[in-house]
Amino acid sequence: MNILLGEHGQALLYGIIGVIMIILICALCEEKWKAITPEYKTKTSYSNRKFIQENKGKFPIICADEIIYTEYKNTRFNCKDFITAKDYQGNDITDRLNIYGNVDTSKKGLYKLRCVVISDNQLACTKFINVIVE
């Protein structure tokens, strides 16, 4: 034990003092952290479980293939023709569909699109689609 403390005693002492200081700082600042942290970040996941159970099966759906093929230099191509959206009751909400990304049919390649739709009850669905121009 004397050899251990003799060689590493100072490092152990500083390590123990550091851990004690961190514990004290955390104990002193806990209330201040709670005061400046937004309420939604301090709530436990119980509210999330309740939200998920209440809205199970109520999320909208984006109906589209994972991969869409189009011809090179196809001037009539519109990706919205291949993508639709429905709410959980089956009503068409395609007009609320937002598509992020561009497809340039004058260049061959792979294009990635992100589709997002938000229903009346403010629930969202996101789907990623690849468009291949060949």
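This report describes selected local features of a predicted model.

## Asp-87, a buried charge

Asp-87 belongs to the loop that runs between strand S3 (84–86) and strand S4 (98–100). The residue is buried, yet no salt bridge is formed by Asp-87. Arg-96 carries the nearest side chain of opposite charge, and this lies 6.4 Å away.

The side chain of Asp-87 does reach a backbone atom: the nitrogen of Asn-91, at 2.7 Å. When residues up to four places away in sequence are not counted, Asp-87 touches Pro-60 and Ile-93.

## Asn-121 in the loop between S5 and S6

Asn-121 is placed in the loop between S5 and S6. With a relative accessible area of 33%, Asn-121 is partly exposed, because that class covers values between the 20% limit for buried and the 50% limit for exposed.

The side chain of Asn-121 makes a polar contact of 2.4 Å with the side chain of Ser-119. Apart from neighbours within four places in sequence, Asn-121 is in contact with Asn-55, Lys-58 and Tyr-88. Pro-60, which Asp-87 touches, is 61 residues from Asn-121 along the chain, and the C-alpha atoms of Asn-121 and Pro-60 are separated by 9.6 Å.

## Two residues with positive phi

Most residues other than glycine have a negative phi. Lys-73 has a positive phi, near 60 degrees, and is not a glycine. Lys-73 is found in the loop between strand S2 (67–70) and S3. Its relative accessible area is 55%, and Lys-73 is therefore exposed, the cut-off being over 50%.

Gln-122 is likewise a residue other than glycine with a positive phi, here about 65 degrees. The loop that holds Gln-122 lies between strand S5 (109–118) and strand S6 (124–133). Gln-122 is exposed, with a relative accessible area of 64%. Asn-121, described above, is also in the loop between S5 and S6, but Asn-121 is partly exposed.

## Aromatic rings

The structure contains 1 aromatic pair. An aromatic ring also takes part in an arrangement with a charged residue: Lys-108 lies over the face of Tyr-72, at 5.2 Å from the centre of the ring.

How values were computed
Residues are numbered from 1 along each chain as its sequence is written. This is a predicted model: local features need pLDDT of at least 70, side-chain atom pairs count only at pLDDT 80 or more; totals for chains, interfaces and linings use all residues. Side-chain values use heavy atoms; hydrogens and water are left out. Helices (H or I, at least four residues) and strands (E, at least two) are DSSP runs, numbered from the N terminus. Buried means under 20% relative accessible area, exposed over 50%, partly exposed in between (1.4 Å probe, protein chains only). Lys and Arg count as positive and Asp and Glu as negative; His and the chain ends are not counted. A salt bridge is a side-chain nitrogen of Lys or Arg within 4 Å of a carboxyl oxygen of Asp or Glu. A polar contact is a pair of N or O atoms within 3.5 Å; within protein, one must be able to donate a hydrogen and the other to accept it, and residues adjacent in sequence count only if both atoms are side-chain atoms. Contact means heavy atoms within 4.5 Å. Rings of Phe, Tyr and Trp (its six-membered ring) pair if their centres lie within 6.5 Å; planes under 30 degrees apart count as stacked, over 60 as edge-to-face and the rest as tilted. A charge sits over a ring if NZ of Lys or CZ of Arg is within 6 Å of the ring centre and within 35 degrees of the ring normal.
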